[in-house]
Amino acid sequence: MRFFLLASCLVCCAPEPGDGLTFVEQPILGGSADAGSKRSEVFLLGMTFTPDGGSSICSATLVSSHTLLTAAHCIDPARRGATGVNVIAVNKPTDQGLTSADIHHMVEYRLHPMWSPVGDSPDYDVAMLLLDSVPAGLKPVALSHVAPTVGESVTLVGYGRDSATNGQSSGTRRAAVAAIAAVGAQSFDFGTAGALGICSGDSGGPGLHLFPDGVERVIGVHSTTTSASCGVGSDSRVDTKTGFIELYLSQKDPLPDAGSGGGAGGGTAGGGSAGGAGTAGGASAGGAAAGGAGGNGGNGGGGVTADAGPDDPMSPRGCGCSGSPAGLLMLAALGWVRRRSRLR
């Protein structure tokens, strides 16, 4: 059995004074914390779904000046029977001491046209997410156009716990190195059950590989785990989806010229509005698009519609979360969320 790896809201009804939302989340296992800005191109995502108000977290990677690559199951409202989603992003090493200036807002998103919210396959579990701003000086991560091979190393990055039982350790960006164990047509596997790999909250984060030319590239997007104790996981391959990724970037956020150094500016992405929600079956995938162009949520634009679908077994709607997007943003600005996490 496979499990998607987003960290979902479990208990947030009638919180006690001083408590924030409670999330179920597990993380990079067997990794080390990013003490500085070494992995600052990896972001923590906070999603709030409408109309039920449920929340979850994931990870993502900056692949152009204002665009993140993440997992489709993280942001697709249909996974939980919702009709829209609001997303915020931060790239600090930890979720502590955040201010409003650290919060960046989604302008729009696009899901891979072959992604399906039904089932748990990692094969096409990728999505693009455009932000209104990013911190100045970031260098987008290059994409791999080469198939991964069994035995080669992959660096796993994400914001989850450092063990399946330590509920107070989430919210820190961590990295671990594993070996690729198997390669499929659209995904690859790695990790050791309970010891090394990925789990909930790491969804959407990157699998990175250092190539002989000295460039570290994204080769995978964290998607699923086959182990209830976490660790053994699967990434959706990037090299088989560069057409989808690069088409979106060419339309919404062209990659910098080769000689520009790839630095990302801190300005707005065309003035689009922040935090729009994908509509069910509608044309807008994220409210107002960059440069004033509507984000296509249909197949013609390389996305899929956000039609309501069956509940995601990893994020049941019965949580009854009361946190609104504005409330989640406030929690983030004050220090994200203080978690009393527990495993489902």
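The model is predicted: local features need pLDDT of at least 70, side-chain atom pairs count only at pLDDT 80 or more, and totals for chains, interfaces and linings use all residues. Residues are numbered from 1 along each chain as its sequence is written, and side-chain values use heavy atoms, with hydrogens and water left out.

**Overall make-up**
- The protein chain has 3 helices and 17 strands (DSSP runs numbered from the N terminus: helices are H or I, at least four residues; strands are E, at least two).
- Of its 344 residues, 58% count as buried (under 20% relative accessible area, 1.4 Å probe, protein chains only).

**Nonpolar cores**
- A nonpolar core is a set of buried Ala, Val, Leu, Ile, Met, Phe, Trp, Tyr and Cys residues joined through side-chain atoms within 4.5 Å.
- The largest has 51 residues, and Met-47, Leu-68, Leu-69 and Ile-75 have the most contacts inside it.
- Strand S5 (residues 42-50) gives the most to this core, with 6 residues.
- A second, separate core has 9 residues, including Phe-188 and Ile-219.

**Around Ser-203**
- Ser-203 lies in the loop between strand S14 (187-190) and strand S15 (206-210).
- Ser-203 counts as buried because its relative accessibility is 0%.
- Its side chain makes a polar contact with the side chain of His-73 (2.7 Å). Such a contact is a pair of N or O atoms within 3.5 Å; within protein, one must be able to donate a hydrogen and the other to accept it, and residues adjacent in sequence count only if both atoms are side-chain atoms.
- Ser-203 and Cys-74 are 129 residues apart in sequence, yet 6.9 Å apart in space, C-alpha to C-alpha.

Conventions: Buried < 20%, exposed > 50% of the residue type's maximum accessible area, 1.4 Å probe, protein only.
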